Structures are given as structure tokens and as C-alpha cells.
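Have a look at the picture first, and then we'll go through it piece by piece.

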Amino acid sequence: MQAQQAHVRSGPLIAIKAAHTLVWALFAGCIVAIPFASWRGEHRAAAWLIAIVFVEVAVLALNRMRCPLTGWAGRYTNDRRDNFDIYLPLWLARHNKSIFGALYVAGAAFALVRWLRDSG
């Protein structure tokens, strides 16, 4: 057990988890910001945020709906809990895609409706 714990706390795994958490925070922030930018009439900013997140969705789609960092983290631990590769609570890591996927779709739809309303 101690050998596994030492292995789980390896330097590369900590670095990958920190990087993954930072990347997650960037994309989560973009998703949350979409409807706010749109609400303020900043349609160009909302479109950029949607596009930035769409690139991440494409990366996930090309990687079988897994972040590439997950594979890298897996090289440094046998742990496979939903949050083994990121510093998020287990429940959030487990439901991350459904929560933020729904927020992304809703935010993009809201932005589209606001843009159509403001441009017409």
C-alpha cells in the first residue's frame, strides 16, 4: 500500500494533475462566461469563447472522449477513480462532461438567440 501511495504521489503525476486542473479551469471558465458575454451584447467575445471550447470538444472527440492528459497521468498510477488525473472532487470529475456539456450547449444556444435578437 505504501509503495502504491508513493507511486501515486510521483512528481510527473502531480504536474499532470495540476496542468489538467488548470486546463479544466480555463475551459470551465469559458463555458460559464459564454452567456454572460452574450447577455452584455458582446457577441464577438461569446463567439470566441464558443470556438475555444469547440476546439476542446474536437480534441476530446478525436481521443474517444478522453482528455489526452488522462492517458499521460495513467502512466504514473494504477488508480483509475474518476479524479485520478485531475484535482477535482470525485463527484465533479465523474459528472464533468454532462454538467459542462449541458452548460456549453445551453450557453451557445442562449448566445445564438441573443445574437439573432440583437441583429434583427
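Helices (H or I, at least four residues) and strands (E, at least two) are DSSP runs, numbered from the N terminus. Axes are lines fitted to C-alpha atoms, for helices over the stretch in contact, and angles run from 0 to 180 degrees between N-to-C directions. What you're looking at is a predicted model, in which local features need pLDDT of at least 70 and side-chain atom pairs count only at pLDDT 80 or more, while totals for chains, interfaces and linings use all residues. Residues are numbered from 1 along each chain as its sequence is written, and side-chain values use heavy atoms, with hydrogens and water left out.

Start with the overall picture. The protein chain has 5 helices and 0 strands, and read from the N terminus its elements go α-α-α-α-α. Along the principal axes, the C-alpha atoms fill a box of roughly 65 × 25 × 20 Å. The radius of gyration (taken over C-alpha atoms) is 17 Å for the protein chain, whereas a compact globule of 120 residues would come out near 14 Å, going by the globule rule of 2.2 Å times the number of residues to the power 0.38. Of the 120 residues, 33% are buried; buried means under 20% relative accessible area, exposed means over 50%, and partly exposed is in between (1.4 Å probe, protein chains only). As for contacts (heavy atoms within 4.5 Å), take those in the protein chain with a separation of 6 or more: 67% of them join residues 24 or more positions apart.

Now for the helix pairs. Two packed helices are described by the angle between their axes and the distance between the axes. At what angle do the axes of H2 and H3 cross? Helix H2 (residues 11-39) and helix H3 (residues 43-62) have axes that cross at roughly 155° and come within 8 Å. H2 and H3 are therefore roughly antiparallel to each other; the cut-offs are under 35 degrees for roughly parallel, over 145 for roughly antiparallel and 65 to 115 for roughly perpendicular, with the rest called oblique. The way H2 passes H3 is a left-handed crossing, a label used if the near helix is turned anticlockwise from the far one by less than a right angle, with right-handed used if clockwise. On the H2 side the contact is made by residues including Phe-27, Ile-31 and Ile-34, and on the H3 side by residues including Leu-49, Ile-50 and Val-53. Sorted by class, this contact of H2 with H3 has 12 nonpolar, 2 polar and 1 charged residues. Here Ala, Val, Leu, Ile, Met, Phe, Trp, Tyr, Cys and Pro count as nonpolar, Asp, Glu, Lys and Arg as charged, and the others, Gly among them, as polar.

Next, follow H3 over to helix H5 (residues 90-119): their axes come within 10 Å and cross at roughly 150°. That makes H3 roughly antiparallel to H5, and their crossing is left-handed. Among the residues that meet here are Phe-54 and Val-57 in H3, and Tyr-104 and Trp-115 in H5. The contact of H3 with H5 has 9 nonpolar, 1 polar and 2 charged residues.

What about H2 and H5? Their axes come within 9 Å and cross at roughly 25°. That makes H2 roughly parallel to H5, and H2 passes H5 in a left-handed crossing. The residues that meet include Trp-24, Pro-35 and Trp-39 in H2, along with Phe-100, Leu-103 and Phe-110 in H5. By class, the residues in the contact of H2 with H5 divide into 13 nonpolar, 3 polar and 1 charged.

Let's zoom in on single residues. Is Ser-38 buried or exposed? Ser-38, in helix H2, is buried, with a relative accessible area of 0%. Leaving out residues up to four places away in sequence, Ser-38 touches His-43, Ala-46, Phe-110, Ala-111 and Arg-114. Over in helix H3 sits Ala-47, which is partly exposed at a relative accessible area of 42%. Ala-47 and Ala-111 are 64 residues apart along the chain, with their C-alpha atoms separated by 8.0 Å.

Finally, visit the loop between H3 and helix H4 (68-74), where you'll find Asn-63. Asn-63 is partly exposed, at 30% relative accessible area. Arg-64 is in this loop too, and is exposed at 76%. Most residues other than glycine have a negative phi. Arg-64, however, has a positive phi near 55°, and Met-65 has a positive one near 60°.
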